[in-house]
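Subject: Structure for your files

Dear colleague,

Please find the structure below. My notes on what was found in it follow.

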Amino acid sequence: MSTLYEYFYAGGPYFMFPSLLILIVIIILIVKGFLNLKKEDPKTLSLISSIGLFALIWGVFGQLLGLFQAFDYIQISGEVPATVLAGGLKVSMISTIFGVIIFLISRLGIISLTWFKNKQQ
């Protein structure tokens, strides 16, 4: 469990904490959608979809900013060993991976809600 905690902070708190809040909002919306299965509410599905896509783009944006900053440091320092570069690239992908996971959870929620709504009809 401590490894997840370390990855969370390595991914950058400015991107990981908002992503975590987005994940919580998506889970709440999915639960709300399951509680209101009998009501037709396309706004919930659309909102889950939009927020999930935002989480994906937010993660990619975090990676791009991290890479930009890393390349600045590489330019200043000159030569960088391949192992250090590989480690930096690995860390830069953490926010993107978390964004993709959130996006997949939102998509699975939408698929599940749509399937259960169609099953009830």
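Beyond its neighbours within four places in sequence, Ile-26 is in contact (heavy atoms within 4.5 Å) with Ile-48, Ile-51, Gly-52, Ile-102 and Ser-106. Residues are numbered from 1 along each chain as its sequence is written. This is a predicted model, in which local features need pLDDT of at least 70, side-chain atom pairs count only at pLDDT 80 or more, and totals for chains, interfaces and linings use all residues; side-chain values use heavy atoms, with hydrogens and water left out.

Ile-26 is also among the residues with the most contacts inside the largest nonpolar core, together with Ile-22, Ile-48, Phe-98 and Ile-102. That core has 17 residues. (A nonpolar core is a set of buried Ala, Val, Leu, Ile, Met, Phe, Trp, Tyr and Cys residues joined through side-chain atoms within 4.5 Å; buried means under 20% relative accessible area, with a 1.4 Å probe and protein chains only.) Helices H2 (13-35), H3 (42-77) and H5 (94-120) each supply at least two residues of this core, and the largest share, six residues, comes from H2.

On the overall fold, the chain has five helices and zero strands, helices being DSSP runs of H or I of at least four residues and strands runs of E of at least two, numbered from the N terminus. Its C-alpha trace spans about 65 × 25 × 20 Å along the principal axes. Of the 121 residues in the chain, 31% are buried. Among contacts between residues at least 6 apart in sequence, 81% join residues at least 24 apart.

Regards

Methods: Buried < 20%, exposed > 50% of the residue type's maximum accessible area, 1.4 Å probe, protein only.
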